[in-house]
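Here is my note on the model you sent.

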Amino acid sequence: MKTREEINEILSTIQPASSRTLQFDEEAIYAEYQRDKDDQSLSIKIMTILGGILACISFVGFILIAGLYDSEMGMLLFGGICLVASLLVSKSSDKIILDTIGISAFIIGFVLIGIGLSGMDVDKNLIILSILLTSLATFSLSRNYILTFLSTLVINGSILFFCILNDEVVLVQAYLSLLAAGIAFIFLNEAKCLAASPAISKRYEPVRIASLFSIICVSLFLSINGLEEIAQKYIIASSVFIIIVILYVMSIVLKRLSINDQSGKLTIYGSTILLLLPTLLYPAISGAFLMILLSFMVSYRTGFFLGIISLIYFVGQYYYDLNFTLLTKSILLFCFGILFLLLYYFTSKKSSKNG
């Protein structure tokens with residue numbers, strides 16, 4: 001749907017299909033479509049966020065150079081003012097320039113609050129809790145796409161930093177499993193979320209993409225710690241949980257593809273388990289695979305692209321970390337390649353039969 005004529009054509013198709021007389025505000029529908037189309041420009045969102053980050057760096061650098069950070073209460077007060085200003089700006093207008101100003105104020109607000117709390121004799125856990133509660137407040141008050149996206153990232157980042165600060169890497173494993181379950185719930189209930197209420201539907205897309213970035217960040221943290229840093233039983237537990245989620249999602253995908261042959265389904269399940277079994281000590285790979293599967297299921301190109309990039313990186317990192325000889329690693333890669341080709345052949349054959 002790219003033009004006004006296509007919108008009119010769809011409306012004219014809906015009218016005869018209804019038993020009641022329907023009236024449409026065509027101008028309002030077209031204006032809403034144009035606004036959503038503009039909102040969905042990923043490049044504009046990325047440039048807006050980058051502009052806000054650069055403005056934040058410049059402003060915080062000026063504060064540090066000028067020595068204005070000596071007053072902790074001043075930092076907290078000004079940080080709170082920036083957050084309130086960002087919320088007001090985001091609600092008053094959807095212009096790009098004002099959106100950038102709002103994003104800058106939002107980031108600066110959190111940075112100043114963090115600086116102010118760090119300068120006080122406050123427990124670090126309390127600092128993280130304060131930032132978490134503040135981000136929850138901004139999330140609930142804002143319907144702006146980028147502010148909701150950043151608030152979700154701050155919420156997930158606060159939880160991750162709490163686990164890291166307390167040296168509870170096991171909690172990070174549990175958090176990765178919860179993120180995997182949460183992302184699966186978000187993707188599988190897309191229609192219900194979009195139809196629930198305007199407040200939920202407005203927040204659905206930024207929460208979804210922020211959740212994908214969050215699971216990537218948590219996986220990155222676990223991957224750079226090496227395989228020997230964490231108790232293996234906890235790593236295996238999180239991997240098994242994510243694989244179970246993958247199998248559940250796959251059952252829904254097979255149902256949508258009308259693949260009812262029991263032997264075929266068992267072959268697909270078995271191939272998936274064989275593919276993921278060697279990665280039990282590296283749950284980041286199964287997490288990336290889950291992202292790809294969910295994004296493929298709902299035709300979400302951004303998530304699919306992020307999943308592919310993540311999978312390539314984590315497989316490479318896993319290959320590098322393995323304490324095997326080069327010959328053993330080559331044999332493993334060869335076996336994985338054969339399994340992937342067999343899985344592709346089987347699924348393409350089934351898809352052609354059902355087509």
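1. L178 is exposed, with a relative accessible area of 60%; exposed means over 50%, buried under 20% and partly exposed in between, with a 1.4 Å probe and protein chains only. L178 belongs to helix α8. Its C-alpha atom is separated by 9.2 Å from that of I242, which is 64 residues apart from L178 along the chain.

2. This is a predicted model, in which local features need pLDDT of at least 70 and side-chain atom pairs count only at pLDDT 80 or more, while totals for chains, interfaces and linings use all residues. Residues are numbered from 1 along each chain as its sequence is written, and side-chain values use heavy atoms, with hydrogens and water left out.

3. The protein chain has 15 helices and zero strands. These elements are DSSP runs numbered from the N terminus, helices being H or I with at least four residues and strands E with at least two. Of the 355 residues of the protein chain, 40% count as buried. Among contacts with a separation of 6 or more, 73% are between residues 24 or more positions apart; a contact means heavy atoms within 4.5 Å.

4. How do α7 and α8 pack? The axes of α7 (residues 145-165) and α8 come within 9 Å and cross at roughly 155°, and the two helices are therefore roughly antiparallel to each other. Axes are lines fitted to C-alpha atoms, for helices over the stretch in contact, and angles run from 0 to 180 degrees between N-to-C directions. Angles under 35 degrees count as roughly parallel, over 145 as roughly antiparallel, 65 to 115 as roughly perpendicular and the rest as oblique. On the α7 side the contact is made by N156, I159, L160 and C163, and on the α8 side by L171, V172, Y175 and L179. By class, these are seven nonpolar residues, one polar and no charged. Ala, Val, Leu, Ile, Met, Phe, Trp, Tyr, Cys and Pro count as nonpolar, Asp, Glu, Lys and Arg as charged, and the others, Gly among them, as polar.

5. Helix α8 (residues 169-188) also meets α13 (residues 283-297): their axes come within 10 Å and cross at roughly 5°. The two are therefore roughly parallel to each other. Contributors from α8 include Q173, L176 and F187, and those from α13 include P283, L290 and L294. This contact of α8 with α13 has ten nonpolar, two polar and no charged residues.

6. The largest nonpolar core has 60 residues, of which I215, V218, I246, V249, M250, L290 and L294 touch the most other members. A nonpolar core is a set of buried Ala, Val, Leu, Ile, Met, Phe, Trp, Tyr and Cys residues joined through side-chain atoms within 4.5 Å. Helix α5 (residues 96-119) gives the largest share of this core, nine residues. Not counting residues up to four places away in sequence, V218 touches L160, V172, Y175, L176 and L179. A second, separate core of eight residues includes Y282, I285, I292 and Y318.

7. S158 lies in α7 and, at 6% relative accessibility, counts as buried. Leaving aside neighbours within four places in sequence, S158 is in contact with I128, I131 and L132.

8. Please look at the backbone of S299, which has a positive phi of about 55° although it is not a glycine. Most residues other than glycine have a negative phi. S299 is found in the loop between α13 and α14 (301-321) and, at 64% relative accessibility, counts as exposed.
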